[in-house]
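Please look at the sequence and the structure shown below. The report that follows goes through some of their features.

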Amino acid sequence: MSFFKNKTRAFMIITTVILVMFMAVSTLPGNVADTTGNVFGIIITPVQRFLGAVVNIAGDAVEFVFNIGDLDDENDMLKEQVSVLNSEVREASELKRENDRLRALLDLKEKKPEYEMVASNIISSDIDNWYSIFTLDCGSSDGINVDDTVITNDGLVGYIYEVGYNWAKVKTIIDPASSVSAKIERIDTVGMCDGDVLLKNSNEIKMNYIPLSSAVVKGDMVITSGIGGVYPKGINIGKVKSVSKSSDGLTQTALIEPGVKFDEIGEVFVMKKVPLDID
Amino acid sequence: MKWIKYYTLLMIVFVIQSVLGDNFKIFGVLPDLIFALAVCVSLKEKRLGALVFSLSAGLLIDFTLMRTFGLNALIMIYMILIVSCVTEKYFYPNIIVNLVSTFFGTMVYQTVYLFFGFVMWGNGDFMSSFLYIILPLSFYNGLVSFIMFFVVSKLLKEKMFVTLKVFRRDSK
């Protein structure tokens with residue numbers, strides 16, 4: 001211990017004690033760390049939002065440059081076609097995609113009238129290699145609450161696990177600490193979709209506790225079962241990629257490819273529960 | 001003034017990591033820029049200052065993750081303490097030592113984090129996680145340490161290659 005200078009030793013002891021206390025307290029709800037985290041989030045969110053916007057603009061610019069190259073090639077091959085027509089076609093396909101997205105959203109909204117959809121942008125994503133969380137640019141000021149479900153038109157993304165004034169954190173279904181009660185739609189079999197440390201990087205999850213008697217096959221669609229109360233029933237999770245016996249041999253485990261491409265999402269919808277008008 | 005520069009750089013690195021992180025992934029692995037910076041600062045500065053800096057860096061990660069609050073900060077300060085003590089006694093704080101320190105520091109940091117964050121609670125396969133996440137991450141962070149050393153040297157207006165000697169003569 002001779003190489004510890006006094007100040008360093010005092011710093012290490014005091015800091016260790018405080019941090020260990022923090023670690024113990026952080027397991028309790030509504031603690032000091034939550035409040036401090038909220039203040040930190042309020043400050044950092046505009047910075048992240050700004051940088052996210054800059055990144056998007058830079059990405060669009062790069063894409064634009066590549067598109068110019070493509071259009072030049074196309075113009076060489078098809079001289080009669082004018083660029084106006086090309087942009088119209090592109091615009092039409094973009095409108096179609098938008099239409100499909102809104103139609104899916106409308107369909108979901110009709111199926112689930114008790115929810116209001118709040119569109120939100122992702123302003124920051126994974127900061128380490130162990131968890132899959134991201135931050136949205138909406139928060140308690142938009143009526144977002146903890147445990148609200150987050151989706152895209154491709155399916156389930158995750159749920160809100162922490163909310164600040166102008167930000168909200170989402171724990172995705174590929175997070176190793178995530179668990180979703182799921183159902184294989186075709187055969188009505190219930191199981192648990194769990195995130196995994198290793199599968200996270202390949203954007204996959206596994207569905208555990210499928211009875212051996214269930215005839216699960218590759219390509220079966222998996223949806224939320226509604227059991228557990230966090231996720232509403234019937235939201236698309238993904239499809240079965242492969243099936244194997246679990247390590248204990250008592251059940252089956254399916255590898256699921258989520259409908260949502262977690263590397264590519266930029267905009268999500270938060271399903272905000274609204275009180276229904278009984279009259 | 002120097003510390004203002006360090007803390008500003010920390011905030012920039014944090015925002016880059018959190019906003020642009022997905023673009024830097026190699027084989028699904030994200031580099032730990034914040035730890036690489038903390039190691040670099042620990043080689044350039046006195047121990048106590050480096051420890052306070054690493055505590056801030058660790059808390060920044062903890063505030064972002066909001067899981068077991070304090071775990072990152074705790075591991076970070078102990079890792080930086082080890083790096084600082086070992087370097088001070090045995091090595092010259094140059095770019096090679098920075099690379100080696102970041103490589104091994106990342107490996108130990110992430111292994112401890114894997115153990116306390118997952119394995120202890122029965123989640124995750126230790127060996128697979130070590131081979132497929134921690135090992136590539138350590139190599140990746142080793143490479144990142146070059147850039148970090150360059151940035152910090154530029155920030156302090158220091159020469160990048162003052163000496164390439166690794167071992168101190170008086171270390172025995």
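## Contacts, salt bridges and the interface

Leaving out residues up to four places away in sequence, A:Asp137 touches A:Arg49, A:Ser120, A:Asn121, A:Ile123 and A:Asn166. The model is a predicted one. A:Asp137 sits in the loop between E2 and E3 of chain A. Its relative accessibility is 19%, so A:Asp137 counts as buried, the cut-off being under 20%. Two of the contacts can be described further. The side chains of A:Asp137 and A:Ser120 are joined by a polar contact of 2.9 Å. A polar atom of the side chain of A:Asp137 also lies 3.0 Å from the backbone nitrogen of A:Asn121.

Another aspartate, A:Asp147, belongs to the loop between strand E2 (133-136) and strand E3 (149-152) of chain A. Its phi is near 80 degrees, a positive value in a residue other than glycine. Most residues other than glycine have a negative phi. A:Asp147 is partly exposed, with a relative accessible area of 38%. A:Asp188 is not a glycine either, and has a positive phi of about 60 degrees. This residue is found in the loop between strand E6 (179-184) and E7 of chain A. With a relative accessibility of 52%, A:Asp188 counts as exposed.

The next residue is in a strand. A:Val222 is part of strand E9 (residues 221-224) of chain A. Is A:Val222 buried or exposed? A:Val222 has a relative accessible area of 0% and is buried. Neighbours within four places in sequence aside, A:Val222 is in contact with several residues, among them A:Ala182, A:Lys183, A:Ile184, A:Cys193 and A:Met207. Others in contact with A:Val222 include A:Ile235, A:Ile237, A:Val240 and A:Ile256. A:Ala182 is 40 residues from A:Val222 along the chain, yet the C-alpha atoms of the two are separated by 6.6 Å.

How many salt bridges does a search of the whole structure find? Over all chains the count is eight. The table gives some of them.

| Residue pair | N to O distance | Relative accessible area |
|---|---|---|
| A:Asp196 and A:Lys206 | 3.2 Å | A:Asp196 17%, A:Lys206 26% |
| A:Lys241 and A:Glu204 | 2.3 Å | A:Lys241 36%, A:Glu204 8% |
| A:Lys261 and A:Glu257 | 3.6 Å | A:Lys261 39%, A:Glu257 27% |

The side chains of A:Asp196 and A:Lys206 meet in a salt bridge. This pair links distant parts of the chain, ten residues apart: A:Asp196 is in the loop between strand E7 (189-194) and helix H4 (197-200) of chain A, and A:Lys206 is in strand E8 (residues 205-211) of chain A. A:Asp196 counts as buried, whereas A:Lys206 is partly exposed.

The side chains of A:Lys241 and A:Glu204 also meet in a salt bridge. A:Lys241 lies in strand E10 (residues 236-245) of chain A and A:Glu204 in the loop between H4 and E8 of chain A, so the pair ties together parts that are 37 residues apart in sequence. A:Lys241 is partly exposed, while A:Glu204 counts as buried. In the salt bridge of A:Lys261 with A:Glu257, A:Lys261 counts as partly exposed, and A:Glu257 is partly exposed.

The two chains also touch each other. The contact takes 46 residues from chain A and 47 residues from chain B. Between them the chains bury about 4,400 Å², with 71% of this area on carbon and sulfur atoms. Which elements give two or more residues to the side of chain B that touches chain A? They are helix H1 (2-20), helix H3 (47-65), helix H4 (71-90), helix H5 (95-117) and helix H6 (126-155) of chain B. H3(B) gives the most, with ten residues. The residues of this side of chain B divide into 32 nonpolar, ten polar and five charged. Across the interface the rule finds zero salt bridges. Six residue pairs are in polar contact between chain B and chain A, both residues of a pair being at pLDDT 80 or more.

Finally, there is the confidence of the prediction. Chain A has a mean pLDDT of 80, and 75% of its residues reach 70 or more. Within chain A, confidence is highest in strand E11 (residues 251-258), at a mean of 93, and lowest in helix H2 (residues 32-77), at 66. Where pLDDT is low, the predicted coordinates should not be read in detail.

Methods: Residues numbered from 1 in each chain as written. Chains lettered and ligands numbered in written order. Heavy atoms only, no water. Contact = heavy atoms within 4.5 Å. Buried area = accessible area lost by both parts, 1.4 Å probe. Salt bridge = Lys/Arg side-chain N within 4 Å of Asp/Glu carboxyl O. Polar contact = N/O pair within 3.5 Å; in protein donor to acceptor, adjacent residues only side chain to side chain. Helix = DSSP H or I, 4+ residues; strand = E, 2+ residues; numbered from the N terminus. Nonpolar A, V, L, I, M, F, W, Y, C, P; charged D, E, K, R; others polar. Buried < 20%, exposed > 50% of the residue type's maximum accessible area, 1.4 Å probe, protein only. pLDDT = per-residue confidence, 0-100.
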